[in-house]
Amino acid sequence: MTLPDTFQSRSAQALPTIAPPELKRMERFGARAVFNDGDMLFEAGRGKFGLMVVVSGKIRISRYDGLGNSSLIIEHGPGEFAGEMSQLSDAPTLVNGHALGAVEVLVLTTAALRALLVAEAELGERIVRAFILRRVELMDSAACGPVLLSPNNNSRMHALRGWLSSNGQPHKVLDPASTDQARALCERYTPQPDDWPLVVFPDGGVQKNPTIVELGRRLGTLPALDSDQVWDAIVVGAGPAGLATAVYAASEGLSVLVLDTRAYGGQAAASARIENYLGFPTGISGRALAGRAYVQSKKFGVEMAIPAPAARLLCDVRPLEVEMCGSLQRLRTRSVVVACGARYRRPDLANLARFEGKGVYYWASPLEAGLCKGAEVILVGGGNSAGQAAVYLSAHADRVHMLIRRDSLVDTMSTYLIERIAATPNIVLHTHAQIVELDGTDDGGLDRVKVRDARHGTERDYDVKRVFLFIGADPNTGWLGDCGVAVDDKGFIVTGDDALARNDQPGDRKDHRHDEIERPVASLETSVPGVFAIGDVRAGSTKRVAAAVGEGAAVVSQIHGFLARLPRTR
């Protein structure tokens, strides 16, 4: 049969064949199952499995969008296997699988699949590569996963689409008047203004204006977590630092849970192209780098929960406890790695919140870039992230007005980016400039921006509908207040000798050190034993992706050292 266009160039990698000797080795990880013609082996939005290898017969794989629309993807024959990234993540499958004739398959659970990937390196590499390529095809086709319906300029629609895209979740967007199915659905549910968007899930369920927490639960990114389990490490934050910790710790046998508020990759995932990361001479997008790290973490058995913001850390109990935001659930762990980075900084503009998601954005992904075609946009910021975003948006927008308060980019941006901006004709740099007013309508969104030139004391209106803010971030440490983790005067977490010095000061934060673990403080350990800080949230850290990854790897040996001194807690 003819493969989808996105598969053409790499079809052999997307559809590898398991040789008989390999199938024999795989037998110890799974069990055989038999199905009759027409049987459903797995159902979109409902079924879960790790891997199904066809021994005999065929499996028909089809997209299904929850509205009843189905289309053929592929037919897997003997030696081929069914599965994509949902299976590695233990999430509900996104496609339907039916038996064509009598079918026998070798079925592996997700846990068994992960064990196979580690034990059989070469075979595991082929399986993982196929999973990734298949997920890419599902995202490109936009014919499975949830269906979102909403009128134009709905900020909630943009927020949900952004969350789905950031977490690699295929989805489709329909205008309520675009198809008979969409119109019929709207007539049935009669959504009011606050009910948009409507979301149809792969299993056919419909929700009005769901939260991302509800999306996460339905799509499997937010699994049910056991409050009785004691993890070796809970990592708070799935940016480059947190993902590095998760990969290295899990590969060395530690049980790891990663919690993140929004998506894996953190702020780095918003970088259009990282060109100074070692090993990628042509550069790599932040999203691609984060995606690869995410797949690695799942391969080694990391449990990840998104969106799962931590509300507070309780340090007066052992094991330590992380209380989840929005619930009373507490998760227990022997150690905590704080890798939650920072929150996007918002300028002091009276009506900023009114236009967030409707003209004002804090990152520049393909979703936002698609809104800028043929238009002028404003980008505020002078750091590397701002420079990468400006260059990226310049390939989509007619003109990018870049605003900075300083007189140049020299002190805040890498030289290669400064040179690229200067060489890009449709990027206009405005120095000593800042936004002082946003204007627009609730229905239409942003349509005018007033900019002040501080050097000349003049103001100018720009008829733009898209503003991108890259003005830095503040440390995300407010949730640690009850724990007494020491921070500096800017809110960044102090570690190592600096943390010990804070603990030794009379009248300072409570000393949480227990007699049985009295020892020098590790370089990435905070003032609280067993709590480590890495990446942008740590005082004195180098704010670069490579540095964050390095700290994420380095902290694992310090976690091992801490755990070795603790009695095992059941």
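This is a predicted model: local features need pLDDT of at least 70, side-chain atom pairs count only at pLDDT 80 or more; totals for chains, interfaces and linings use all residues.
Setting aside residues up to four places away in sequence, T93 touches F42, E43, A44, G45, G47, F49, S86 and Q87.

Two or more lining residues come from each of the elements β4 (70-76) and α6 (121-141). Sorted by class, the lining of the largest cavity comprises 10 nonpolar, 4 polar and 3 charged residues.

Another point of interest is Q13, found in helix α2 (residues 11-14). Its relative accessibility of 34% lies between the limits of 20% and 50%, so Q13 counts as partly exposed. Beyond its neighbours within four places in sequence, Q13 is in contact with R126, R129, A130 and L133. The side chains of Q13 and R129 make a polar contact at 3.4 Å. Q13 and L133 are 120 residues apart in sequence, yet their C-alpha atoms are 7.8 Å apart in space.

A pair of aromatic rings is described by the distance of the centres and the angle of the planes. The structure holds 8 aromatic pairs. In one of them, Y264 and Y294, the ring centres are 4.3 Å apart and the planes stand at 10 degrees, so the pair is stacked. Y264 belongs to the loop between β13 (256-259) and α11 (286-299), whereas Y294 is part of helix α11, so this pair ties together parts that are 30 residues apart in sequence. Both partners count as buried, Y264 at 12% relative accessibility and Y294 at 15%.

The pair formed by F532 and F562 is edge-to-face, because the planes of the rings stand at 80 degrees, with centres 6.4 Å apart. Here strand β29 (residues 531-533) provides F532 and helix α17 (residues 545-564) provides F562, so the pair ties together parts that are 30 residues apart in sequence. F532 is buried, with a relative accessible area of 0%, and F562 is buried as well, at 1%. Elsewhere, ring pairs link Y344, Y362 and W363 into a cluster.

Finally, is I493 buried or exposed? I493 is buried, with a relative accessible area of 0%, and its place is in the loop between β28 (473-475) and α16 (496-504). Residues up to four places away in sequence left out, I493 touches V338, T477, L480, V485, A486, V487, T526, A533, V537, R538 and A539. I493 and S165, 328 residues apart in sequence, are separated by 31 Å in space from C-alpha to C-alpha.

Note on methods. Residues are numbered from 1 along each chain as its sequence is written. Side-chain values use heavy atoms; hydrogens and water are left out. Contact means heavy atoms within 4.5 Å. Helices (H or I, at least four residues) and strands (E, at least two) are DSSP runs, numbered from the N terminus. Ala, Val, Leu, Ile, Met, Phe, Trp, Tyr, Cys and Pro count as nonpolar, Asp, Glu, Lys and Arg as charged, and the others, Gly among them, as polar. Rings of Phe, Tyr and Trp (its six-membered ring) pair if their centres lie within 6.5 Å; planes under 30 degrees apart count as stacked, over 60 as edge-to-face and the rest as tilted. Buried means under 20% relative accessible area, exposed over 50%, partly exposed in between (1.4 Å probe, protein chains only). A polar contact is a pair of N or O atoms within 3.5 Å; within protein, one must be able to donate a hydrogen and the other to accept it, and residues adjacent in sequence count only if both atoms are side-chain atoms.
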